[in-house]
Amino acid sequence: MDFNYTEEQEKLRKEVHEFFSSNLPSDYRPRGVGGTGTTLEQFQFWMDLQRKAGAKGYLTPGWSKASGGLGLSDMEQGIVSEETSYWGATWPGSQGIRVCGPPVHVFGTEEQKSTFLPGIAKGEVIWYQAFTEPDAGSDEANVSLRATEENDHYILNGQKTFITAPGPADYLYTLARTQDVIPKHRGISLFLIDAHSPGISYSALATLGIFTVDIFFDNVKVPKSRLLGELNRGFYHAMVTFEFERSTTGAAAGARRNLEELIEFCREEKRNGQPLLKDPAVRNLLADRAIEMELSWLQGWFAAWHFSQRDKLGSPPPEAGGLHGKVVSADRAQQLIDSLGLYGQLRRGSKYCKYEGRAANAWMSSRSTHPAGTIEINKIVLAGRGLGLPRIPAKFNKEIRAAVEGVGV
Ligand SMILES: Cc1cc2nc3c(=O)[nH]c(=O)nc-3n(C[C@H](O)[C@H](O)[C@H](O)COP(=O)(O)OP(=O)(O)OC[C@H]3O[C@@H](n4cnc5c(N)ncnc54)[C@H](O)[C@@H]3O)c2cc1C
């Protein structure tokens, strides 16, 4: 592996850096959108910047120029995401950019590509990834939102839940049941749905950290041309979607900036007359953070490099970085709260809060380990696809279920 950027890559990095430093206010502090405390003003600010980044092609640098991207390599895409992440830019349209758009490239018709991709690349639209239902989370094959064929369209009835909603949706990337078959995962299809279609309604569902919604479908008419990929193969297309969703190149840069700011805060903040930086527990926390950040940086670049070599090496193994982040996030947030004393519990907005209430915010976000798959599901994926371990025999699964439900096998 070569750890240096080429001259061209360094030029690109500087350009993206310049874009953010000239478009963000000098007193800017990273702050995402979609959290439960996001204001309309903050949302608008990020939408505006998203459009500007889209005009430069920075939202989707790896997409073809025809789709609104820059046609850059995997490594160069990594450079853009690293800079973007360093500035803490959490785009309102990130679901379209990272999760829903890439599979349209892979499975979409030419008409779908030209209809949907440029809007995502330009930062003009917001997509929701609408997979989860009250009885279909980890068990995605259990989707029961019903899509019934009728002439040149499908009629959808049912519900989605816990859908991340960083702003009002334009499109829904939706899994629905198109056939009753055993095994169940062979009767599901994927649809690209206009979020304003008659019969769709939304209801707020606040969680700790991320704002989500319930979505209800009442006789919603969806043209057949909005089926993505093959009929009844939606489960497989969803698995590919998860691969895009779980890829984390660049995430370490956000952590680096957070760490720099935390160190700065600990240098200035005093406890019992001493800067926090002299407190052994705080020093421990900072050192742990630095180690994790370096590991995640290496992992992210390894994944980007592996993607760049996939013609020779095949798809990269599932990334462990995101999973590791989920596992340690609760402990890390608790340590941060403890190091700020009682102030650590105060949320952004309180006039007494320290460090902009980020400790309490981190604590709340650390409870949201379910998006992009729970810790257990990510471990199952890593064990099977990453380590090549055999699947749990079906018999064993039945025994676990019987034990949980308290019935005989
Ligand atoms: C803040 C937030 C944002 C979200 N955003 C979206 C979104 O944008 N789009 C979307 O479609 N969904 C979204 N979700 C839903 C999320 O994907 C699901 O919550 C997740 O897949 C788990 O499903 P579930 O909630 O039904 O829990 P369940 O699947 O019922 O799981 C309950 C518990 O059982 C464990 N478990 C389940 N099966 C197994 C197994 N086979 N082996 C071991 N343990 C198991 C799980 O790990 C978990 O601890 C979001 C959820 C949250 C909390």
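Start by selecting Lys354, which sits in the loop between α10 and α11. (Helices here are DSSP runs of H or I with at least four residues, strands are runs of E with at least two, and both are numbered from the N terminus.) Lys354 is partly exposed, because its relative accessibility is 23%. (Buried means under 20% relative accessible area, exposed means over 50%, and partly exposed is in between, using a 1.4 Å probe and protein chains only.) What does Lys354 touch, not counting residues up to four places away in sequence? Show Phe265, Glu269, Leu340 and Tyr343. (Contact means heavy atoms within 4.5 Å.) Leu340 is 14 residues from Lys354 in sequence, and their C-alpha atoms are 7.7 Å apart.

A quick note on what you're looking at: this is a predicted model, where local features need pLDDT of at least 70 and side-chain atom pairs count only at pLDDT 80 or more, while totals for chains, interfaces and linings use all residues. Residues are numbered from 1 along each chain as its sequence is written, and side-chain values use heavy atoms, with hydrogens and water left out.

**Next stop: the helices on either side of that loop**

Select residues 321-339 for α10 and residues 358-366 for α11. Their axes lie 8 Å apart, and the packing angle is about 160°. (Axes are lines fitted to C-alpha atoms, for helices over the stretch in contact, and angles run from 0 to 180 degrees between N-to-C directions.) That angle is why α10 and α11 are roughly antiparallel to each other. (Angles over 145 degrees count as roughly antiparallel, under 35 as roughly parallel, 65 to 115 as roughly perpendicular, and the rest as oblique.) The crossing of α10 past α11 is left-handed. (Left-handed means the near helix is turned anticlockwise from the far one by less than a right angle; right-handed means clockwise.)

Now show the side chains where the two helices meet. From α10 you want Ser329, Ala330, Ala333, Gln334, Leu336 and Ile337, and from α11 Ala359, Ala360, Ala362, Trp363 and Ser366. Sort the residues of this contact by type and you get eight nonpolar, three polar and no charged. (Ala, Val, Leu, Ile, Met, Phe, Trp, Tyr, Cys and Pro count as nonpolar, Asp, Glu, Lys and Arg as charged, and the others, Gly among them, as polar.)

Pick Val16, which is in helix α1 (residues 7-23). Is Val16 buried or exposed? Its relative accessibility is 0%, so Val16 counts as buried. Leave aside neighbours within four places in sequence, and Val16 is in contact with Tyr58, Val80 and Glu83.

To see the contact, show Gln9, Leu12, Arg13, Val16, His17 and Phe20 in α1 with Met75, Glu76, Ile79, Val80, Glu83 and Thr84 in α3. This group divides into six nonpolar, three polar and three charged.

For a contrast, click Leu40 in helix α2 (residues 40-56). Leu40 is exposed, because its relative accessible area is 65%.

**Now the strands**

Select β1 (residues 127-130), where Trp127 and Gln129 on one side and Tyr128 and Ala130 on the other are all buried. In a regular strand, side chains alternate between the two faces of the sheet. Bring in β4 (residues 171-177), which runs parallel to β1 and is joined to it by four bridges. (Two strands pair if DSSP finds at least two bridges between them.) Gln129 has Tyr173 as its bridge partner in β4.

Then find β2 and β3, which pair in the antiparallel sense over five bridges. Glu149 has Tyr154 as its bridge partner in β3. How many residues lie between β2 and β3 in the hairpin they form? There are two residues between them.

Most residues other than glycine have a negative phi, and most peptide bonds are trans. Asn151, in the hairpin turn, has a positive phi of about 55°. Asn151 counts as exposed, because its relative accessibility is 66%. Phe162 has a positive phi as well, near 60°, and is found in strand β3. Finish at Pro183, in the loop between β4 and β5 (188-194): the peptide bond from Ile182 to Pro183 is cis, with omega near -5°.
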